[in-house]
Amino acid sequence: MSEDREIRRVRALFLSDVHLGMKPIRSAQLAEFLRAHDAETIYLVGDILDGWRLAKQWHWPEQYNELIQLMLDKAAAGTRVVYLPGNHDEFLREYLGTYFGEIELVDRTIHTSATGKTYLVIHGDQFDVVVMNAKWLAHVGDWAYNAALRINIAINWVRRRLGLQYWSLSAWAKQKVKNAVSVIGRFEEALVHEAKQSGVDGVICGHIHFADIHDRLGIQYINTGDWVESCTAIVENFDGQFELIKWTEMVTGDPRKVRPRRASGQ
């Protein structure tokens, strides 16, 4: 990151699915992103740690410690940091209602925007039928995802030498395979239904590694994406506007290439 990059101040920042413990992740890019943003509140919307992967093979390089320390420093400096565990860091659900340093652990919470709109914030695995009813199948899916990432390393090694940009096999599959698109649609419907039942104006979640902002289902649906491949996050500006940020696009020559979306009714 450029030394002269200005720090962007935002009202709230939402990120999820970092998967510390999984080898092919973008921890360096996330550290850059966090240094470039100062938020009043940071929501860690689950799967920040990958307990499934760490239980199989311990992988914890020094850069992970630096990332954790960066987050703790922000909390110590006055940023409210809220951690909402997901399925990969579900072991932390044993400590809901407690604090790790200055970081609070909760299962779900309500975020109120600058315009008074309310949003259910939750990881989302609680509404994934595979995770809830066939956990063994979720582990198979996790293995397949990791296999796709390993294949992607070889594909993108060739692409870099041809001067081409990063390409994601898993993202392509999600967009092209009908069953995957259907699963994403059902997930969105379940989260929107829960938000409506909770009496809020929208929902902010993670889990499916597919960043998006839309109101096609009647209320605002916001997904943070991931930091394994896409390097995406959601910010709320001080005027209450939510933006989906694609960090790799911002730091590779197009510093304002983001997708701003205004919440319905704002």
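Predicted model: local features only at pLDDT ≥ 70, side-chain atom pairs only at ≥ 80, totals over all residues.
User: How many helices and strands does the protein chain have, and what makes a run a helix or a strand?

Analyst: The protein chain has eight helices and 13 strands. Both are DSSP runs numbered from the N terminus: a helix is H or I over at least four residues, a strand is E over at least two.

User: Why is Ser-16 called buried?

Analyst: Buried means under 20% relative accessible area, exposed over 50%, and partly exposed in between (1.4 Å probe, protein chains only). Ser-16 has a relative accessible area of 0%, so it is buried. Of the 266 residues of the protein chain, 50% count as buried.

User: Where is Ser-16, and what is it in contact with?

Analyst: Ser-16 sits in the loop between S1 and H1. A contact is defined by heavy atoms within 4.5 Å. Leaving aside neighbours within four places in sequence, Ser-16 is in contact with residues including Val-45, Gly-46, His-207, Gly-225 and Trp-227.

User: What makes the pairing of the side chains of Ser-16 and Asp-17 a polar contact?

Analyst: A polar contact is a pair of N or O atoms within 3.5 Å; within protein, one must be able to donate a hydrogen and the other to accept it, and residues adjacent in sequence count only if both atoms are side-chain atoms. The side chains of Ser-16 and Asp-17 make such a contact at 2.6 Å. A polar atom of the Ser-16 side chain also lies 3.3 Å from the backbone oxygen of Gly-225.

User: Why is Thr-98 called partly exposed, and where does it lie?

Analyst: Thr-98 has a relative accessible area of 34%, which is why it is called partly exposed. Thr-98 lies in the loop between strand S3 (80–83) and strand S4 (99–100). A polar atom of its side chain is 2.5 Å from the backbone oxygen of Tyr-95. Not counting residues up to four places away in sequence, Thr-98 touches Ile-103, Glu-104 and Leu-105.

User: What makes a set of residues a nonpolar core, and which residues touch the most other members of the largest one?

Analyst: A nonpolar core is a set of buried Ala, Val, Leu, Ile, Met, Phe, Trp, Tyr and Cys residues joined through side-chain atoms within 4.5 Å. The largest has 35 residues, of which Leu-15, Val-18, Phe-33 and Trp-227 touch the most other members. H3 gives the most to this core, with five residues. Leaving aside neighbours within four places in sequence, Leu-15 is in contact with residues including Leu-30, Phe-33, Tyr-43, Trp-227 and Ala-233.

User: How do you know that S8 and S10 pair?

Analyst: Two strands pair if DSSP finds at least two bridges between them. Four bridges join strand S8 (residues 202–205) to strand S10 (residues 220–223), and the two run parallel. The bridge partner of Cys-205 in S10 is Asn-223.

User: Why are S6 and S9 called edge strands of their sheet?

Analyst: The sheet is open, has five strands in the order S6-S7-S8-S10-S9, and its pairing is mixed. Strand S6 (109–112) and strand S9 (212–214) each have a single partner strand, so one side of each is left without a neighbour in the sheet.

User: How many disulfides are there, and what makes a pair a disulfide?

Analyst: The structure holds zero disulfides. The criterion is a pair of cysteine sulfur atoms within 2.5 Å. Cys-205 is buried, with a relative accessible area of 0%, and Cys-231 is buried, with a relative accessible area of 0%.

Note on methods. Residues numbered from 1 in each chain as written. Heavy atoms only, no water.
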